[in-house]
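The structure goes in first.

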Amino acid sequence: MFGIKRSAVPQHALLRTHGGRHPERWGGYQDCFRVRISGSISLAEFVFAFYTSRVFKLERLLLRTFLGIRSSDEDAQTLIAGTTDTFAAWYQGARTPSELLMCDRFESTRSWFMVEPVAGGASELCFGSAVASGLGRSAMPSRFRLLLVFHVLYSQVLLHSAVRGLVRGESLKAPLN
């Protein structure tokens with residue numbers, strides 16, 4: 001799938017360093033998936049491609065159907081433009097020029113995006129997740145351990161779908177600031 005590789009979360013990454021509202025909950029499960037893509041890709045382009053990808057639109061449909069949480073491509077645009085700090089079920093936990101950390105409303109999971117330029121004009125795109133271990137507990141919730149295989153595959157499919165949109169130029173249909 002476009003050369004997606006699983007790797008350790010970088011030591012400096014917001015996914016690892018941002019404590020947020022409950023720092024004691026964030027030392028358990030974290031993952032990172034990387035892919036190299038030709039061309040200079042901005043964080044805004046990557047995040048927009050991710051949240052508007054065909055696969056993620058299915059997740060948005062499920063959120064709307066089962067939880068009443070609506071989101072649109074325009075909502076993704078306002079998030080990356082910095083005019084809002086929420087998107088669907090997530091709020092912006094932290095942001096730098098090369099990273100975006102999104103936290104779910106219940107402080108149970110996080111999604112992380114990072115873009116790094118690489119030699120030859122290429123970009124490395126990183127997508128990762130973290131799962132809260134619970135107050136005072138260091139173990140990952142048992143319900144998540146059971147779903148881990150699905151989660152790992154789904155994370156790679158989401159990243160693949162975003163890269164596919166970038167390669168096809170689909171993410172550039174909306175103006176990016």
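I am working from a predicted model. I looked up the largest nonpolar core and found 37 residues, of which F46, Y51, F87, F113 and L125 touch the most other members. I then listed the elements that each supply at least two residues of this core: strand 2 (29–37), helices 2 (43–51), 3 (54–67), 4 (73–81) and 5 (142–168), and strands 5 (99–104), 6 (109–118) and 7 (122–131). Helix 2 gives the most, with eight residues.

I checked L125 in detail. Leaving aside neighbours within four places in sequence, L125 is in contact with F33, R34, V35, I37, I41, F46, M114, V115, V163 and L166. Another core lies apart from the largest one; this other core has 15 residues, among them L15, W112, M114 and C126.

Cysteines. How many disulfides does the count give? I get zero. For C32, the closest cysteine sulfur is in C126 at 4.4 Å, which is too far for a bond, because the cut-off is 2.5 Å. C32 is buried at 0% relative accessibility, and C103 is buried at 1%.

Backbone. A88 has a phi of about 50° and is found in the loop between strand 3 (86–87) and strand 4 (90–95). E107 has a phi of about 60° and lies in the loop between strand 5 and strand 6. Is E107 buried or exposed? E107 is buried, with a relative accessible area of 4%. A88 also counts as buried, at 11% relative accessibility.

Note on methods
Residues numbered from 1 in each chain as written. Predicted model: local features only at pLDDT ≥ 70, side-chain atom pairs only at ≥ 80, totals over all residues. Heavy atoms only, no water. Core = buried A, V, L, I, M, F, W, Y, C linked by side-chain atoms within 4.5 Å. Buried < 20%, exposed > 50% of the residue type's maximum accessible area, 1.4 Å probe, protein only. Helix = DSSP H or I, 4+ residues; strand = E, 2+ residues; numbered from the N terminus. Contact = heavy atoms within 4.5 Å.
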